[in-house]
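Visitor: Hi, could you walk me through this one? I'd like to ask things as they come to mind.
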Amino acid sequence: MAKGTSDATEGAPRRGRPRSIETSNAILESAYALMATTGLVATTIDAIARHSNVSKMTIYKWWTSREALLIDAFLHHAAQMLPLPPVSAGTPAARTRRHAAAYAEALQGEFGKVQLAVISECISKTGSAELFYARYLQFRRDALVEMIAAGQKDGSILAEGLPEDLYDAVYGSLFYRYVFGIAPITPAYARNLVDLVLRPKA
């Protein structure tokens, strides 16, 4: 009898965790939606709480600052909009080319505006963009640097130099071009830039 009860308990779905994930997603999606539609200033914790139907107490329990929440909301959206290409998507150079092109296209819409606004908010509140790097950029940068290093190792990427520098040459150029409006950024430009920097093997 006791054993049967134990088995039933272990086989039953856990109710707490899915509900927490659903609530967390509601907060993140509300925060991003507000940033994209009403702007950063109007995206207050009060507004996010109302939009997501989640209490401010719950929000403050999971995020210690508004800036951290805004970055995580951006990360949540970016993970869906700009997923890192899987190994099955081709060579390291082909996957980098694909991701850079998608990033260039995303910069032209609300994604680019929200990204710039969140970075500006971090700098305004903390004096640097380190929080944005730690919570969003570092993981994605590390993954793409590893991808480039793999291409150098297997010979499909002929460019020499540190993979970190090659990554920065590609994505730093795209972001610099976007921020200062030097020239239009297109997926084709991004693909050509990747080929110029990484020199993929023909």
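Guide: Happy to; we can start with the overall fold and then go to single residues. One thing to keep in mind is that this is a predicted model.

Visitor: What box do the C-alpha atoms fill?
Guide: Along the principal axes, roughly 65 × 50 × 25 Å. The protein chain has 202 residues, and 38% of them count as buried. Among its contacts with a separation of 6 or more, 65% are between residues 24 or more positions apart.

Visitor: What does the domain assignment give?
Guide: It gives domain 1 at 21-81 and domain 2 at 87-201. Their centres, taken over C-alpha atoms, are 25 Å apart. Domain 1 puts 17 residues into the contact and domain 2 puts in 15 residues.

Visitor: And how much area do domain 1 and domain 2 bury between them?
Guide: About 1500 Å², with 76% of it on carbon and sulfur atoms. On the domain 1 side, the residues that lose the most area to domain 2 are Glu-67, Ile-71 and Phe-74, which together make up 40% of what that side buries.

Visitor: What about charges, how many salt bridges are there across that interface?
Guide: Between domain 1 and domain 2 there are 2 salt bridges. Arg-66 forms a salt bridge with Glu-121, and their closest N and O atoms are 2.4 Å apart. For polar contacts, the count between domain 1 and domain 2 is 2 residue pairs, both residues being at pLDDT 80 or more.

Visitor: Which elements give two or more residues to the domain 1 side?
Guide: Those are α2 (16-38) and α5 (66-81). The largest share comes from α5, with 12 residues. By type, the domain 1 side that touches domain 2 divides into 13 nonpolar, 1 polar and 3 charged residues.

Visitor: Changing topic: where is Thr-43, and is it buried or exposed?
Guide: Thr-43 sits in the loop between α2 and α3 (45-52). Thr-43 counts as buried because its relative accessibility is 0%, and the cut-off for buried is under 20%.

Visitor: What does the side chain of Thr-43 reach?
Guide: It reaches the backbone oxygen of Gly-39, at 2.7 Å. Beyond its neighbours within four places in sequence, Thr-43 is in contact with Ala-31, Leu-34, Met-35, Thr-38, Ile-48, Arg-66 and Leu-70.

Visitor: How about Ser-30, what does it touch?
Guide: Ser-30 lies in helix α2 and touches Ile-48, His-51 and Ser-52, leaving out residues up to four places away in sequence. Ser-30 is buried too, at 5% relative accessibility.

Visitor: Which parts does the pair of Arg-97 and Asp-195 tie together?
Guide: Their side chains meet in a salt bridge at 2.9 Å, N to O. Arg-97 lies in helix α6 and Asp-195 in helix α10, so the pair ties together parts 98 residues apart in sequence.

Visitor: And Arg-141, is it buried or exposed?
Guide: Arg-141 is buried, with a relative accessible area of 14%. Its side chain meets that of Asp-168 in a salt bridge of 2.9 Å, N to O. Asp-168 is partly exposed, at 34%. The pair links helix α8, which holds Arg-141, to helix α9, which holds Asp-168, 27 residues apart.

Visitor: Last one, on backbone angles. What is the phi of Asn-53?
Guide: Asn-53 has a positive phi of about 60 degrees although it is not a glycine. Most residues other than glycine have a negative phi. Asn-53 lies in the loop between α3 and α4 (56-62) and is exposed, at 72% relative accessible area. Arg-199 also has a positive phi, about 50 degrees, and its place is in the segment after α10 (187-198).

Key: Residues are numbered from 1 along each chain as its sequence is written. This is a predicted model: local features need pLDDT of at least 70, side-chain atom pairs count only at pLDDT 80 or more; totals for chains, interfaces and linings use all residues. Side-chain values use heavy atoms; hydrogens and water are left out. Domain bounds come from an automatic or database domain assignment. Contact means heavy atoms within 4.5 Å. Buried area is the accessible area (1.4 Å probe) that two parts lose on being put together, summed over both. A salt bridge is a side-chain nitrogen of Lys or Arg within 4 Å of a carboxyl oxygen of Asp or Glu. A polar contact is a pair of N or O atoms within 3.5 Å; within protein, one must be able to donate a hydrogen and the other to accept it, and residues adjacent in sequence count only if both atoms are side-chain atoms. Helices (H or I, at least four residues) and strands (E, at least two) are DSSP runs, numbered from the N terminus. Ala, Val, Leu, Ile, Met, Phe, Trp, Tyr, Cys and Pro count as nonpolar, Asp, Glu, Lys and Arg as charged, and the others, Gly among them, as polar. Buried means under 20% relative accessible area, exposed over 50%, partly exposed in between (1.4 Å probe, protein chains only).
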